[in-house]
Amino acid sequence: MKELKRVAAIHDLSGVGRCSLSVIMPTLSVLGIQVCPVTTALLSTHTRGFGDVVMKDMTDYIPLALEHYRSAGVGFECIYSGFLASERQVELCLDFFESYPDAMRIVDPVMGDNGRMYKTYTKELCDSMQRLAQAADIITPNLTEASILLGIDYPVSQLTQNEIKGMLVRLAGRGPKIVVITSVPMADGKNCNVGYDREHNAFWRVSYEKIPRSYPGTGDLFASVLTGGLMLGDSLPIAMSRATYFLEYAIKTTFGYGSDAREGVMLEKCLPMLISNQCYMDYTAM
Ligand code: PXL
């Protein structure tokens, strides 16, 4: 039997709050991808609302793990990074890219949400994230992160198709072949995830119903479902559709239970839907 595809997932492991490796591993596994965690830090919870987090930095472990994989001949079809704690960790992601030149490079430039930067991020770390995004094949910023990467203010009003297409093209012009921006309020009143495939000069949008609550880890989940689809050979609009539908389903499921938003989405109740691949596919060319 042919081996399953393998991804090196360079992320932290937060014990409570359903984000980063806690959701990335089950989600990609369900899609049939082998996830090899490269753990950047251990945290008692994520950094959004549980107070003083206990953290064990694992930065020194990363180059040793990389060296071991290289000497043992371990290969990866994809390198996928997310939340990073320091500029040094960005450099180590670049080392992974260099060591595996044929792997698909996916960077989720986690830096903020809802127009605000996360409190652990500094201007210097954002500048480093910029360099990492430029070295990627695929980036998945939300609208806040896309604005930080472009050095513009977070848009105060809804965006026209031409405005968002301009942002996608400018981000892709710096290196990535594919740019997906999530959580975009469009001028026609729809909320969309939008994507651009530079090599095919194709723009896509997938709309979803917005729920008035923000859950940590949803960006990690979106990027994981997208990564899984693209690794398995799906087209960009199909991978975006599945990721958007799954997130809408997970957020609506969780909202219905009225649970504490800090706990993230109820992934355990939603993974069966992803296994059975009953995601509704719907996308529009822009
Ligand atoms: O979901 C992104 C993320 C990952 N890891 C940690 C976080 C966050 C977002 O707040 O705090 C530790």
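Helices, with at least four residues, and strands, with at least two, are DSSP runs numbered from the N terminus; in these terms Arg 18 is placed in the loop between S1 and H1. The model described here is predicted. Its largest nonpolar core has 51 residues, and a second, separate core has 42.

**Nonpolar cores**

- Within the largest core, the residues with the most contacts are Ile 79, Phe 96, Tyr 121, Leu 132, Ile 164 and Ile 181.
- Helix H3, residues 87-99, is the element that gives the most to this core, contributing 6 residues.
- When neighbours within four places in sequence are left aside, the contacts of Tyr 121 are Phe 83, Leu 84, Val 110, Met 111, Cys 126 and Met 129.

**Packing of H3 and H4**

- On the H3 side the contact is formed by Glu 87, Val 90, Glu 91, Cys 93, Leu 94 and Phe 97, which meet Glu 124, Leu 125, Ser 128, Met 129, Arg 131 and Leu 132 of H4.
- By class, the residues of this contact comprise 7 nonpolar, 1 polar and 4 charged.

**Helix H1**

- Leu 21, Val 23, Ile 24, Thr 27 and Leu 28 are the buried residues of H1.
- Viewed down the axis of H1, these buried residues fall within an arc of 160°, so they line one face of the helix.
- The cover over them includes strands S1 (6-16), S2 (34-45) and S4 (78-81), together with H7 and H9.
- Gly 32 follows H1 and has a positive phi, near 90°.

**Helix H9**

- In H9, which spans residues 267-275, Leu 267, Cys 270, Leu 271, Met 273 and Leu 274 are buried.
- Because the buried residues of H9 fall within an arc of 160° when seen down its axis, they line one face of the helix.
- Glu 268 and Ile 275 are exposed on the other side of H9.
- Among the elements covering the buried residues of H9 are helix H1 (21-30), helix H7 (218-231) and H8.
- Just after H9, Asn 277 adopts a positive phi of about 50°.

- Arg 242 belongs to helix H8, residues 236-257.
- Buried means under 20% relative accessible area, so Arg 242, at 8% relative accessibility, counts as buried.
- Apart from neighbours within four places in sequence, Arg 242 is in contact with Leu 31, Val 225, Gly 229, Asp 234, Leu 274, Asn 277, Cys 279 and Met 281.
- Gly 219 is located in helix H7 and counts as partly exposed at 41% relative accessibility.
- The C-alpha atoms of Gly 219 and Thr 140 are 8.4 Å apart in space, although the two residues are 79 residues apart in sequence.

- Arg 18 is not a glycine, yet has a positive phi of about 45°.
- With a relative accessible area of 23%, Arg 18 is partly exposed.
- Ser 183, a residue other than glycine, has a positive phi near 60°.
- Ser 183 is part of strand S9, residues 178-185, and counts as partly exposed at 35% relative accessibility.

Notes: Residues are numbered from 1 along each chain as its sequence is written. This is a predicted model: local features need pLDDT of at least 70, side-chain atom pairs count only at pLDDT 80 or more; totals for chains, interfaces and linings use all residues. Side-chain values use heavy atoms; hydrogens and water are left out. A nonpolar core is a set of buried Ala, Val, Leu, Ile, Met, Phe, Trp, Tyr and Cys residues joined through side-chain atoms within 4.5 Å. Buried means under 20% relative accessible area, exposed over 50%, partly exposed in between (1.4 Å probe, protein chains only). Contact means heavy atoms within 4.5 Å. The arc is that of the directions from the helix axis to the C-beta atoms. Ala, Val, Leu, Ile, Met, Phe, Trp, Tyr, Cys and Pro count as nonpolar, Asp, Glu, Lys and Arg as charged, and the others, Gly among them, as polar.
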